[in-house]
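Hi there,

Here is the structure I promised to pass on. Have a look at it first, and my notes follow below.

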Amino acid sequence: MKKHIVKTLLAALAIGTATFAAHAADFQTRIVRFGYGLAEDSNQGRAAKFLAEDLAKRTGGKMRMKGFASASLGSDLQMQNALIGGAQEMTVVSTATLVGIVDDFGVFDLPFLFRNEREADAILDGPVGQQLMAKLESKGLVGLVYWENGFRNLTNSKHPVAKMDDLKGVKLRVMQNPMYIDMFNAMGANAVPLAFSELFTALESRTVDGQENPVNTIESSKFYEVQKYLSITKHVYSPWIVLASKKWWDGLSADEKKAVQASAVASRDFERKDSREAGAKALDDLKKKGMQVTVVSDAELDRMRESARPAVTKFAAAGHADLVKQLDGEIAKLRK
Ligand code: TK8
């Protein structure tokens with residue numbers, strides 16, 4: 001009897017020690033620097049906070065993620081390079097700013113590609129989105145999940161833009177991405193590529209007249225302080241992508257990788273829901289803050305789409321014809 005109890009106790013102790021040992025070995029104390037471009041009080045900032053808290057929970061507080069808002073670690077491009085070099089662990093950037101590393105990401109910049117968020121989610125989380133992420137690995141980056149930046153709209157400080165011709169002569173800041181430059185030049189604007197981190201100052205000093213971003217960003221970045229006119233165009237659905245440094249990633253244990261991955265997926269679900277809720281309120285808020293809102297007619301949007309066609313053809317011709325076809329095919333399937 002006594003012998004039996006001792007044996008059971010010893011067995012229980014062994015299991016306990018084994019479990020404890022496994023956990024102690026699998027999660028090391030790590031500081032994870034997560035840089036992002038928007039303000040702390042933004043959909044991006046809220047999701048970054050969620051991600052940090054979720055990761056702490058999953059790793060018993062071992063993986064300590066610290067968020068760096070407002071591009072304090074650098075612009076999208078600078079952070080991508082810091083990740084590649086191993087100087088920073090994680091970031092979230094617009095996929096449009098990744099085209100210098102994997103030009104296939106330009107496929108998401110095709111104007112008027114997605115009709116709604118449901119289509120975007122399905123494509124990004126499906127084969128095309130995953131296929132593109134896989135291409136990052138050989139470049140020193142690990143793609144984890146897509147967050148929603150959102151459908152982009154135009155703002156400017158000159159005059160209301162109700163039709164394409166109103167864009168004539170408007171100096172419009174765009175992301176550092178050839179599709180955006182070609183598209184807006186074709187529409188008659190004067191496209192000026194610039195990092196997001198420089199944008200507020202450029203608008204304030206009138207170095208540029210306008211810019212284009214989702215309503216959430218127009219609100220959280222306080223662009224309403226320096227931009228009077230907002231035009232609802234939804235010309236491109238813009239994804240954000242959460243990235244890890246491959247150099248850093250390769251040094252993580254299997255359990256650590258699993259935890260980061262699971263937290264990233266949880267943050268994606270949180271972020272999309274939160275962004276959509278905030279987006280539904282943002283337009284009213286922007287009106288209250290004094291912006292004059294113009295809803296661009298479908299006929300004018302069609303003209304914009306038509307004028308951007310050469311930019312799309314150029315992208316396809318630059319070695320992306322199969323990818324564009326694959327994507328068009330998958331979107332067609334979703335619409336059936
Ligand atoms: C934030 C940017 C931003 C993007 C832009 O770092 O540059 O206009 O929409 O979200 O990635």
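**Domains and ligand site**

The protein is divided into domain 1 (2-102 + 115-148 + 239-280) and domain 2 (153-236 + 283-335), with bounds that come from an automatic or database domain assignment. Their contact (heavy atoms within 4.5 Å) takes 25 residues from domain 1 and 21 residues from domain 2. Taken over C-alpha atoms, the centres of the two domains are 30 Å apart.

Before you go further: this is a predicted model, where local features need pLDDT of at least 70 and side-chain atom pairs count only at pLDDT 80 or more, while totals for chains, interfaces and linings use all residues. Residues are numbered from 1 along each chain as its sequence is written, and side-chain values use heavy atoms, with hydrogens and water left out.

Now to the ligand. Around it are G37, L38, D76, S94, N149, R152, R173, M175, F196, N213 and W240, where a residue counts as near if one of its heavy atoms lies within 4 Å. By class, this shell has four nonpolar, four polar (Gly counts here) and three charged residues. Domain 1 and domain 2 each supply at least three residues of the shell.

Which side chains have an N or O atom 2.9 Å, 2.6 Å or 3.0 Å from a ligand oxygen? In N149 the distance is 2.9 Å, in N213 it is 2.6 Å, and in W240 it is 3.0 Å. The polar-contact cut-off is a pair of N or O atoms within 3.5 Å. Taken alone, the ligand exposes 310 Å², and the protein buries 99% of that (Shrake-Rupley method, 1.4 Å probe).

Best wishes

Definitions and conventions:
Polar contact = N/O pair within 3.5 Å; in protein donor to acceptor, adjacent residues only side chain to side chain.
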